[in-house]
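Student: I am new to this structure and would like to go through it step by step. Could we start with the terms and then turn to the parts?

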Amino acid sequence: MFLLTFTVINLAPTRQRLENDVFTVSGIAQKYNCALKRLDWQQEQGFMSSLALGYNEVQIQRGMTTSSTAIFIPFMTRELRMGGQALYYGMNALSHNVIMADRKKLKSANGMYLGSTGSGKSFAAKRELNNVFLATGDRIIIVDPMGEYSPLVRRLGGQVIEIAPDSPHHINPMDIEIGLNDEDSPLSMKADFLLSLCELVVGGKDGLQPIEKTVIDRCVRLVYRELALGLEGAKMPLLQGLYEELLKQPEPEAKRVATALELYCTGSLNLFNHPTNVDLSSRVVCIVLKGLGENLRKIAEYIEINTTDTAEAG
């Protein structure tokens, strides 16, 4: 509960003009269910109370709750205006000022568009994509499940990759960049990626068992042995190379993982058992998954995100 004294000053060059102004202001207040009363014989006290002196000489108070008092406070909203490579993110609903932010400088750089169907989520994402392209030098990687971003990416001169059973585009999940100055071992990172990929392929409630993880790690290092040694004529392995190396292992767990991989190597879902024939180093890359079924979409998303990250690091 707050005790509030609210004063309004009317100034005019003549008495008649002052009377008219008081009448007009009273009508405006009455429109919002408020009644203004003249401070007869207390005009001087009212004027002094209205000045920024922090002193109230008018002993007329009204009790109001917090929510009612808050409407008289001018600082009701927080503005977000960042410098540098800040991008436009809409209008402040309270102050109607623009929101300019650089998500990379925030505590969490993640973002999400929420809204009902037809509210403009896709348009807002495309607008941000254009802003990033024009205002920054960042790479833009789009995983497009419905194929709606490909026309825009083509206009920006980017690479559109359509992943589908009948598509000529292929991405090899076994691609690796082996350098001498890497802080993290690329072979260890690729082994970790392939372990996660095999876990997605094998599925099940418990995923991969410790013996299966050990066997996969051993086979990954055997598959990349020639590349790691820098032997002349060494080629980038395919997923089928890992499959064949698993078949050579004596453990029964290796046969189980190889059988799960067979569908994606020599079976009908061998989309990722081909050499890469697209430009993953392009600044704007759009990977369209519209032609994939549910069995391949989750695996495809994981492969594309890891492969584009590898291309960027290379």
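Tutor: Before the residues are discussed, one cut-off is needed: a residue counts as exposed when its relative accessible area is over 50%, as buried when that area is under 20%, and as partly exposed in between. Please keep in mind that this is a predicted model.

Student: Is Trp41 buried or exposed?

Tutor: Trp41 lies in the loop between α1 and α2, and its phi is positive, at about 65°, although it is not a glycine. Its relative accessibility is 82%. Because exposed means over 50%, Trp41 counts as exposed.

Student: Where is Asn33 found, and what is its phi near?

Tutor: Most residues other than glycine have a negative phi. Asn33 has a relative accessible area of 76% and is therefore exposed, and it is found in the loop between α1 and α2. Its phi is a positive value in a residue other than glycine, near 60°.

Student: How many disulfides does the structure hold?

Tutor: A disulfide is a covalent bond between the sulfur atoms of two cysteines. Cys34 is partly exposed, with a relative accessible area of 44%, whereas Cys286 is buried, with a relative accessible area of 0%. As for disulfides, the number that the structure holds is zero.

Student: Which element gives the most to the largest nonpolar core?

Tutor: This core has 44 residues, and the ones that touch the most other members are Ile161, Ile163, Leu194, Ile216, Leu242, Leu246 and Leu261. At least two of its residues are supplied by each of α6 (186-202), α7 (210-223), α9 (239-247), α10 (252-265), β7 (284-288) and α11 (294-313). With nine residues, the element that gives the most to this core is α6.

Student: Which residues is Ile163 in contact with, leaving aside its neighbours within four places in sequence?

Tutor: Ile163 is among the residues that touch the most other members of the largest nonpolar core. With its neighbours within four places in sequence left aside, Ile163 is in contact with His169, Ile171, Leu271, Phe272, Ile287, Val288, Leu289, Gly291, Leu292 and Glu304.

Student: How many residues are in the other core that lies apart from the largest one?

Tutor: Among the members of this other core are Leu152, Leu156, Val284 and Val288.

Student: From which element does the largest share of the lining of the largest pocket come?

Tutor: The largest pocket has a volume of about 1300 Å³, and of the 36 residues that line it, Phe6, Thr7, Val8, Leu36 and Lys37 are the closest to its centre. By class, the residues of this lining divide into 20 nonpolar, 10 polar and six charged. At least two residues of the lining are supplied by each of α1 (15-31), α2 (43-50) and β2 (62-64). The largest share is seven residues, and the element from which it comes is α1.

Student: And which element supplies the largest share of the lining of the second largest pocket?

Tutor: About 950 Å³ of space lies in the second largest pocket, which is lined by 29 residues, with Arg103, Ala125, Glu128, Ile140 and Ile141 the closest to its centre. Two or more residues of this lining are given by each of β3 (87-91), α4 (121-135) and β5 (140-144). The lining has 15 nonpolar, five polar and nine charged residues. Its largest share, six residues, comes from α4.

How values were computed. Residues are numbered from 1 along each chain as its sequence is written. This is a predicted model: local features need pLDDT of at least 70, side-chain atom pairs count only at pLDDT 80 or more; totals for chains, interfaces and linings use all residues. Side-chain values use heavy atoms; hydrogens and water are left out. A nonpolar core is a set of buried Ala, Val, Leu, Ile, Met, Phe, Trp, Tyr and Cys residues joined through side-chain atoms within 4.5 Å. Buried means under 20% relative accessible area, exposed over 50%, partly exposed in between (1.4 Å probe, protein chains only). Helices (H or I, at least four residues) and strands (E, at least two) are DSSP runs, numbered from the N terminus. Contact means heavy atoms within 4.5 Å. On a 1 Å grid over the protein atoms alone, a cavity is a set of points where a 1.4 Å probe fits but cannot get out, and a pocket is an open set with protein on both sides within 12 Å along at least five of seven lines; lining residues have an atom within 4 Å of a point. Grid points are joined across faces, edges and corners, and a volume is the space filled by probe spheres set on the points. Ala, Val, Leu, Ile, Met, Phe, Trp, Tyr, Cys and Pro count as nonpolar, Asp, Glu, Lys and Arg as charged, and the others, Gly among them, as polar. A disulfide is a pair of cysteine sulfur atoms within 2.5 Å.
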